[in-house]
Amino acid sequence: MAHFRQIFRASYFLKNSCRYTSSIPHNVAEVVGTSHYLKYNYTVKEKLINLGLSNDIALKIASKPEFSTLNDKILDAPFEILGKCQFGSQSLTELIETHPLILLVDSKRLEKTCINLLSVFKKKYAYEILLKSPEVLNENWDSVCDKLKYLQEDMGVSNLDIVRHGILKHSLDQIKMRHELLKRTGKYKKLSPKLKLSDKHKLNPVINKVLNSPAEYFCTKVAEISELEFQVFQQLYNESEDSP
């Protein structure tokens with residue numbers, strides 16, 4: 001008899017492990033387990049699955065607060081725009097899984113940014129920028145171009161390094177400030193465009209360490225100054241930029 005009770009309890013739990021409740025919106029479902037409780041937007045989950053995402057990724061996204069009351073039809077536009085970029089289904093899945101909020105970006109802004117990126121970069125590079133520097137979606141294109149121009153012309157950074165190290169996620173002010181400090185300490189020199197890339201890396205610190213390293217590492221290992229000196233420089237630099 002005890003054995004049959006265990007079977008009954010197990011079947012009852014499985015039957016009721018995914019259900020709707022009257023206390024939450026009709027498009028929100030609950031997944032209940034022994035140590036797991038999750039609310040998710042059912043219609044968004046189903047839409048994401050229909051658009052090609054796996055059940056696990058769709059559930060992960062649909063359970064985010066930003067998607068809890070979202071109308072699933074809103075997802076059509078970003079998928080159509082990103083689909084036109086022809087990044088490939090695997091890359092598209094990776095992008096959405098890594099940055100699901102990209103689906104909530106204004107569709108006109110998303111489309112314009114994608115078009116602009118593809119007009120300057122190869123398809124592979126445009127995809128990597130969205131993956132590693134999604135901040136570009138919150139900037140106007142002129143600002144992105146200003147960063148590209150400064151990195152390429154003033155710092156001699158290649159497009160490959162800009163893309164693979166996610167450099168465009170930084171503001172132009174941040175880029176200029178660190179570059180200026182390295183110039184003043186003699187750690188960064190303007191090099192001839194004809195110089196080989198391997199030689200550039202020998203003469204200047206790699207851009208990944210210049211811009212992606214934490215402040216402590218940057219000042220002590222790259223600029224080779226104390227943290228206090230770096231703080232003083234930042235303050236003086238910001239004051240000079242703010243002054244008319």
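Helices (H or I, at least four residues) and strands (E, at least two) are DSSP runs, numbered from the N terminus. Residues are numbered from 1 along each chain as its sequence is written, and side-chain values use heavy atoms, with hydrogens and water left out. The model is predicted, local features need pLDDT of at least 70, side-chain atom pairs count only at pLDDT 80 or more, and totals for chains, interfaces and linings use all residues.

**Exercise 1. Work out which residues make the nonpolar surface patch, and where Leu228 lies.**

Step 1. Leu228, Val232 and Leu236 make a nonpolar patch of about 290 Å², where accessible areas come from the Shrake-Rupley method with a 1.4 Å probe and, for residues, only the protein chains shown count as cover.
Step 2. Leu228 lies in helix H14 and, at 58% relative accessibility, counts as exposed (exposed is over 50%, buried under 20%, partly exposed in between, with a 1.4 Å probe and protein chains only).

**Exercise 2. Find the negative surface patch and the helix that supplies its largest share.**

Step 1. The patch is formed by Asp173, Glu239, Glu241 and Asp242; Asp and Glu count as negative and Lys and Arg as positive, while His and the chain ends are not counted, and the place of a charge is NZ of Lys, CZ of Arg, CG of Asp or CD of Glu.
Step 2. Helix H14 (residues 227-242) gives the largest share, three residues.
Step 3. Asp173 is placed in helix H10 (residues 172-184) and is exposed, its relative accessible area being 54%.

**Exercise 3. Explain what the salt bridge between Asp72 and Lys47 ties together.**

Step 1. The side chains of these two residues, Asp72 and Lys47, meet at 3.8 Å, N to O.
Step 2. Because Asp72 lies in the loop between helix H3 (55-62) and helix H4 (76-84), and Lys47 in helix H2 (residues 42-50), the pair ties together parts that are 25 residues apart in sequence.
Step 3. Asp72 is buried at 18% relative accessibility, and Lys47 is likewise buried at 17%.
Step 4. A network of salt bridges links Lys47, Asp72 and Asp76.

Methods
Patch = residues over 30% accessible without salt bridge, like charges linked within 9 Å, V, L, I, M, F, W, Y side chains within 5 Å. Salt bridge = Lys/Arg side-chain N within 4 Å of Asp/Glu carboxyl O.
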